[in-house]
Amino acid sequence: MSSIRCDCGERIFLGQIPNPHQWKFISDDDLDKYSGMINIDEMYIEMSSFIKCPSCGSLWVFWNGWNSKPQKFVPSENNETETPGHI
Ligand SMILES: [Zn+2]
């Protein structure tokens, strides 16, 4: 079973279906291609994935599929809850 090791030391297994640590996302542009009844299998293929470390909360974003290196995002250490401004 494939896994990734987070920088905090947590090993996160990827083979579980559904995976409680995996999230799916799609850009607004790509979402705009869909309307009406959606074929979820077709949409699933279009979606990208990120893994959220259950230990430290870091996000490992696979922008270009599972075979590319993920980009890591780390939560703010002081857990700021300030809402980003809107234009
Ligand atoms: Zn972690």
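Ile 51 touches Ile 4, Ile 12, Leu 14, His 21, Gln 22, Ser 58, Leu 59, Trp 60, Phe 62 and Trp 66, leaving aside residues up to four places away in sequence; contact here means heavy atoms within 4.5 Å. This is a predicted model, where local features need pLDDT of at least 70, side-chain atom pairs count only at pLDDT 80 or more, and totals for chains, interfaces and linings use all residues. Residues are numbered from 1 along each chain as its sequence is written, and side-chain values use heavy atoms, with hydrogens and water left out.

**Core**
- Ile 51 also belongs to the largest nonpolar core, whose 8 residues include Ile 4, Cys 6, Cys 53 and Trp 60.
- Such a core is a set of buried Ala, Val, Leu, Ile, Met, Phe, Trp, Tyr and Cys residues joined through side-chain atoms within 4.5 Å.

**Zinc site**
- Cys 6, Cys 8, Cys 53 and Cys 56 each give their SG to the zinc ion, 2.3 Å away; donors are N, O and S atoms within 2.8 Å of the metal (3.2 Å for Na, K and Ca), and water is not among the atoms, so sites may look incomplete.
- Along the chain, the donors follow the spacing C-x1-C-x44-C-x2-C.
- Cys 6 counts as buried because its relative accessibility is 3%, while Cys 8, at 38%, counts as partly exposed (buried is under 20% relative accessible area, exposed over 50%, partly exposed in between, with a 1.4 Å probe and protein chains only).
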